[in-house]
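Hi there,

I am passing a structure on to you, and I hope you enjoy looking through it. Please open it first, and then read my notes below.

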There are 2 protein chains.
Amino acid sequence: MKLLKDKVMSEGIVLGNQVLKVDSFLNHQMDPVLMKEVGKEFARHFEGEQITKVLTIESSGIAPAIMTALELGVPMIFARKNKSLTLKENILVEKVYSFTKQETNEITVSKKFLDENDRVLIVDDFLANGEAAFGLARIVEQVGAKVAGIGIVIEKSFQPGARRLKEAGYRVDSLVRIAALENGTVTFVDDQTNE
Amino acid sequence: MKLLKDKVMSEGIVLGNQVLKVDSFLNHQMDPVLMKEVGKEFARHFEGEQITKVLTIESSGIAPAIMTALELGVPMIFARKNKSLTLKENILVEKVYSFTKQETNEITVSKKFLDENDRVLIVDDFLANGEAAFGLARIVEQVGAKVAGIGIVIEKSFQPGARRLKEAGYRVDSLVRIAALENGTVTFVDDQTNE
């Protein structure tokens with residue numbers, strides 16, 4: 001996705017060999033026009049998949065997910081990272097390890113919003129090790145629903161998440177794929193799925 | 001806002017005299033069409049205010065805020081509730097007490113996204129005691145920027161937040177205002193600003 005690539009090139013800040021900081025348009029300040037285009041792009045990618053729900057995880061996934069849900073004409077659900085006070089029962093829970101924060105969180109979704117007839121598109125801002133996406137997929141599968149696809153805004157292809165998810169049988173569509181963050185420079189995976 | 005009132009009536013669940021659960025369209029599962037209409041409505045309310053940024057707080061404020069920012073053609077920023085690992089310096093911090101969770105959180109915004117020329121619209125999903133809105137307003141004012149208004153999706157008018165914010169000189173526009181949650185029933189404040 002050219003608009004997103006351009007934004008990564010002009011505003012992304014490389015910190016070490018692992019971290020790409022995109023807090024000017026995706027993670028903290030958000031560009032609503034870019035988010036709308038991201039939503040349209042995901043809708044285009046998955047339009048044949050009869051998606052019934054878009055699922056993401058708080059907080060940075062919410063904006064791309066709501067725009068995708070708007071384009072697909074389906075509800076969006078965001079998983080919470082801590083149990084909410086008003087969500088004590090009838091919840092789907094999975095543990096997710098965060099390499100960034102080096103801690104395990106419980107992510108939760110209310111049972112009443114997913115059932116076995118759902119075809120769920122998982123959307124998230126970043127894909128690195130794949131822990132969050134696997135956790136969301138397990139939540140979908142707990143109720144017997146189908147993970148119809150995983151849409152990622154920025155994939156760090158030098159980390160194992162995308163490979164692991166594909167090996168597990170999931171369709172993963174990433175709007176930009178980053179091959180390396182060496183020497184302060186962003187190198188993209190140069191294939192046609194980016195264009 | 002009639003669409004939102006109808007949604008509160010048909011899907012809101014009253015828990016005791018204080019809590020309105022709206023997790024089927026606003027707090028957990030989200031209705032993207034409703035969020036888009038909420039964004040349009042806030043844009044209409046504040047169109048004369050020369051807004052330069054929309055500011056909210058994770059997580060439930062993000063969807064209405066991104067839709068509002070899209071309509072106004074300005075960036076959106078969401079305050080984080082915990083300090084991020086990649087945001088150690090140059091941050092604006094305020095303490096916010098949560099009556100629901102009975103704990104004090106630090107909310108943070110990166111300094112680089114706000115300056116003294118900004119006219120900021122604060123957007124949030126709920127207004128009860130006003131702690132979050134006051135915290136966001138103090139963050140805006142730390143850098144000498146102006147709070148041009150506060151847009152609230154659902155105001156619980158029987159709690160003191162709206163009155164306190166107005167007494168402090170802020171413009172507060174709430175899309176629905178709830179007078180009471182007695183006997184399991186939602187009673188709206190019946191004035192023209194709701195229509």
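Here is what was found, starting with how to read the notes.

This is a predicted model, in which local features need pLDDT of at least 70 and side-chain atom pairs count only at pLDDT 80 or more, while totals for chains, interfaces and linings use all residues. Residues are numbered from 1 along each chain as its sequence is written, chains are lettered from A and ligands numbered from 1 in the order in which they are written, and side-chain values use heavy atoms, with hydrogens and water left out.

Let me begin with the interface. Chain A gives 40 residues to the contact and chain B gives 40 residues, where contact means heavy atoms within 4.5 Å. About 3,200 Å² is buried between chain A and chain B, and carbon and sulfur atoms give 68% of that area. Buried area here is the accessible area (1.4 Å probe) that two parts lose on being put together, summed over both.

Across this interface the rule finds two salt bridges; a salt bridge is a side-chain nitrogen of Lys or Arg within 4 Å of a carboxyl oxygen of Asp or Glu. Asp23(A) and Lys112(B) meet in a salt bridge through their side chains, at 3.2 Å from N to O. There are also 13 residue pairs in polar contact across the interface of chain A and chain B (both residues at pLDDT 80 or more). A polar contact is a pair of N or O atoms within 3.5 Å; within protein, one must be able to donate a hydrogen and the other to accept it, and residues adjacent in sequence count only if both atoms are side-chain atoms.

Which element gives the largest share of the side of chain A that touches chain B? That is H3(A), with six residues. Helices (H or I, at least four residues) and strands (E, at least two) are DSSP runs, numbered from the N terminus. By class, that side of chain A has 22 nonpolar, ten polar and eight charged residues. Ala, Val, Leu, Ile, Met, Phe, Trp, Tyr, Cys and Pro count as nonpolar, Asp, Glu, Lys and Arg as charged, and the others, Gly among them, as polar.

Now to the helices. H3 (residues 62–72) of chain A packs with H2 (residues 32–45) of chain B at an angle of about 110°, their axes being 8 Å apart. Axes are lines fitted to C-alpha atoms, for helices over the stretch in contact, and angles run from 0 to 180 degrees between N-to-C directions. H3(A) and H2(B) are therefore roughly perpendicular, a term for angles of 65 to 115 degrees. Ile66(A), Ala69(A) and Leu70(A) meet Pro32(B), Val33(B), Met35(B) and Lys36(B) in this contact.

H2(A) and H3(B) also pack at about 110°, with axes 8 Å apart. Here Pro32(A), Val33(A), Met35(A) and Lys36(A) touch Ile66(B), Ala69(B) and Leu70(B).

A few local points remain. Over all chains, the salt-bridge count comes to 34. One of the salt bridges joins Lys7(B) and Glu11(B), with the closest N and O atoms 3.3 Å apart; both residues lie in H1 (residues 2–11) of chain B, four residues apart, about one turn of the helix.

The peptide bond from Glu58(A) to Ser59(A) is cis, with omega near 0°, and Ser59(A) sits in the loop between E4 (53–57) and H3 of chain A. The bond from Glu58(B) to Ser59(B) is cis as well, with omega near -5°.

Best wishes

Key: Parallel < 35°, antiparallel > 145°, perpendicular 65-115°, else oblique.
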